[in-house]
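Work through these exercises with the coordinates open. Each task is followed by a stepwise solution.

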Amino acid sequence: MLQTGQSPKHISGASTLTSRASLRAHICAGRLAHVMAAHSPLSAILAEEAGFDGIWASGFELSALYGLPDVSLVSMTRHLDMVRSMAEQSSLPIIADIDTGFGNAINVIYAIEQYERAGAAAVVIEDKAFPKVTSLLADGRQELIRTEEFAGKIRAAVATRADADFLVIARTEALIAGLGEAEALKRARAYEEAGADMILIHSKRKTPDEVESFVRAWRGEVPIVIVPTAYPEMNESRIRALGKIAMVIYGNHAIRAAVTAMKDVFARIRADGGIHRIDPEIVPVEEIFRLQKMDAVKANENRFLW
């Protein structure tokens, strides 16, 4: 069960501890956490400046950044490196999307150790079979492992974490796999009993009805996480009306926004035969310097270089 006031077993860096404790406290206080996907340190910086409560270290977005399908091709090492890089540039809590946990419960043990050290505040593990296929793909293969096996992964994750504020979020893909609400609730209850701090319920329906029905039927004590990518009309007021949702993740909007902007700018440069028309409409290079903290570089040059 999600509780505040638990003491970590070791100190892993003040900023990381603060972000973990702040995320747990935010949720325990009954405040809805708005979490934005990111795929790079730069997108993490922008998410923080926009006022989000956390960063979703998205496996989908990182796969897209590398031009790869989201089918467990990005290694844990690559994803860890990105989480570590984002943690260095942002003070926001990072919720790491670790898909199926990179294997069985033994792999999960190793993953939790590594992501905790990398600066993550939480992990989300899903009950799909490895290798997974991205959830929203039309007619994609969506296979789940046995409930008992996945509950073992959750128990392993909870037993392994060194910092009690590090959240373990169990994601059930029962609705994605077309198994229905009863199966989704059954799995969610088992994962709560295994020690999950939160339950993420996912759906690819174009309306929120399926998720809203699940949330109303949920009788567990841990709060719910949703990712309303497929049903964008699920806004904050509608979420709050349900009363049991503690976190909303905007799961792929950073990469989609980046692709939208780049396609538009690239096409216009080609059509115009140069950058003369588009240049006034995009951020000046000075804004990139600001995001890169070039002022600090200049100050240090003046202070330390002869």
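**Exercise 1. Count the salt bridges, then classify the ends of the Arg146 and Glu148 pair.**

Solution. 
- The model is predicted, and it holds 23 salt bridges.
- Check the pair. The cut-off is 4 Å between a side-chain nitrogen of Lys or Arg and a carboxyl oxygen of Asp or Glu. Arg146 and Glu148 meet at 3.5 Å, N to O, so the pair qualifies as a salt bridge.
- Classify the ends. Exposed means over 50% relative accessible area. Arg146 has 52%, and Glu148 has 52%. Arg146 is therefore exposed. Glu148 counts as exposed too.

**Exercise 2. Find where the partners Arg238 and Glu212 sit in the chain, and decide how accessible each one is.**

Solution. 
- Start with the distance. The side chains of Arg238 and Glu212 form a salt bridge at 2.7 Å, N to O.
- Arg238 belongs to helix 9, residues 236-242, and Glu212 to helix 8, residues 209-217.
- Apply the accessibility limits. Buried requires under 20%, and partly exposed runs from there up to the exposed limit. Arg238, at 30%, is therefore partly exposed. Glu212, at 6%, is therefore buried.

**Exercise 3. Locate the Arg290 and Glu287 salt bridge, and classify both ends.**

Solution. 
- The N to O distance is 2.9 Å for Arg290 and Glu287.
- Both residues lie in helix 11, residues 285-291. They are three residues apart, about one turn of the helix.
- Arg290 has 40% relative accessibility, so Arg290 counts as partly exposed. Glu287 has 24%, so Glu287 is partly exposed as well.
- Now look for shared partners elsewhere. Salt bridges join Asp70, Asp99, Glu126, Lys128, Lys132, Arg171 and Glu173 into one network.

**Exercise 4. Describe the largest nonpolar core, and list what Ile224 touches.**

Solution. 
- Take the size. The largest nonpolar core has 60 residues.
- Leave out residues up to four places away in sequence; Ile224 then touches Met198, Ile199, Ile201, Phe214, Val215, Trp218, Lys244, Ile245, Ala246 and Met247.
- A separate core has 19 residues, including Ala33, Val35, Ile95 and Val227.
- In soluble globular proteins, nonpolar side chains tend to be buried together.

Note on methods:
Residues numbered from 1 in each chain as written. Predicted model: local features only at pLDDT ≥ 70, side-chain atom pairs only at ≥ 80, totals over all residues. Heavy atoms only, no water. Buried < 20%, exposed > 50% of the residue type's maximum accessible area, 1.4 Å probe, protein only. Helix = DSSP H or I, 4+ residues; strand = E, 2+ residues; numbered from the N terminus. Core = buried A, V, L, I, M, F, W, Y, C linked by side-chain atoms within 4.5 Å. Contact = heavy atoms within 4.5 Å.
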